[in-house]
Amino acid sequence: MKSIIFSTSIFFLFSFQADAQISERSSGYSYVGLGYSLVAFTDGVVSDIYPFLNFRNGSFMTDLNLFYGYRINDDIAIELSPSMIFTTGYDLPGYNYEENGVTKYHIPQDARLFMAPLNINLKYFPFSSSERGDAIKSAYLTIGGGGTYIREEYTNFIYSGNPVNPQGTYEDTKTYTESAWAPDIVFGAGILSTGVFGYGVEVNYRMVFTSRDNSTPLALSRANNFNSINFTIKGTFSF
């Protein structure tokens, strides 16, 4: 029994000392982590198909991201951050789409989205020398950029017009697929702790610059952009 108590005490003492050492060391170390984001697209075309909260299946739009960072000095850190956004929607709102000079009414029955942003981010800690507490010292501003891979697939019911009107009759079912790479920029603010096992929160705005050419009835062709507001919680490990 005494040996168990002694071993447990040594474990907690070691953990406390290791955490204190990392907490005091605010530069010259690496960290890795995992983040989970809530995503709200700001373009109306995109948010109609991929809403922040999908009431039909009771799910939120989410983003899973990994990151590796290096704290260069008290004020600056740099991060490599790949992430993934994937969602599926069913029985979605319809819309008019003109193809070959003829306007038809499309109702997506099965819409799938996969996005994979890959960014390099710079973090600036403006209050790193503050004496007001760890939360203030850990606050940062961030800006970054990179590229985003986007892939969409819809299966649409196609009508001659809106089916709620007498002239709207069913004509066909088609599946459309499109993919593209798009440049992106992200900027925001957050808090990132410096313990061995730490945490972080961040709010950012991601701008994804897609081309609107109306070549397909997918959002990738019809929307002005795939911009989004993202709220992220993070877990980190420093070494």
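Which backbone oxygen does the side chain of S81 reach? In this predicted model, where local features need pLDDT of at least 70, side-chain atom pairs count only at pLDDT 80 or more, and totals for chains, interfaces and linings use all residues, the side chain of S81 reaches the backbone oxygen of L66 at 3.4 Å. Residues are numbered from 1 along each chain as its sequence is written, and side-chain values use heavy atoms, with hydrogens and water left out. A polar contact is a pair of N or O atoms within 3.5 Å, of which, within protein, one must be able to donate a hydrogen and the other to accept it, while residues adjacent in sequence count only if both atoms are side-chain atoms.

The chain as a whole has four helices and eleven strands, these being DSSP runs numbered from the N terminus (H or I, at least four residues, for helices; E, at least two, for strands). Of its 239 residues, 41% count as buried, where buried means under 20% relative accessible area, exposed over 50%, and partly exposed in between (1.4 Å probe, protein chains only). Among contacts (heavy atoms within 4.5 Å) between residues at least 6 apart in sequence, 68% join residues at least 24 apart.

S81 is found in strand β5, and with a relative accessible area of 12% it is buried. Leaving aside neighbours within four places in sequence, S81 is in contact with N65, L66, F67, P117, L118, N119 and N121; of these, N65 is 16 residues away in sequence, with a C-alpha to C-alpha separation of 6.8 Å. S83 is likewise found in strand β5, which spans residues 76-90, and S83 is buried with a relative accessible area of 5%.

Two asparagines in loops complete the tour. N100, in the loop between β6 (95-99) and β7 (102-124), has a positive phi of about 55° although it is not a glycine, and at 78% relative accessibility N100 counts as exposed. N214 lies in the loop between β10 (197-208) and α4 (219-222), where its phi, near 55°, is again a positive value in a residue other than glycine; at 38% relative accessibility, N214 counts as partly exposed.
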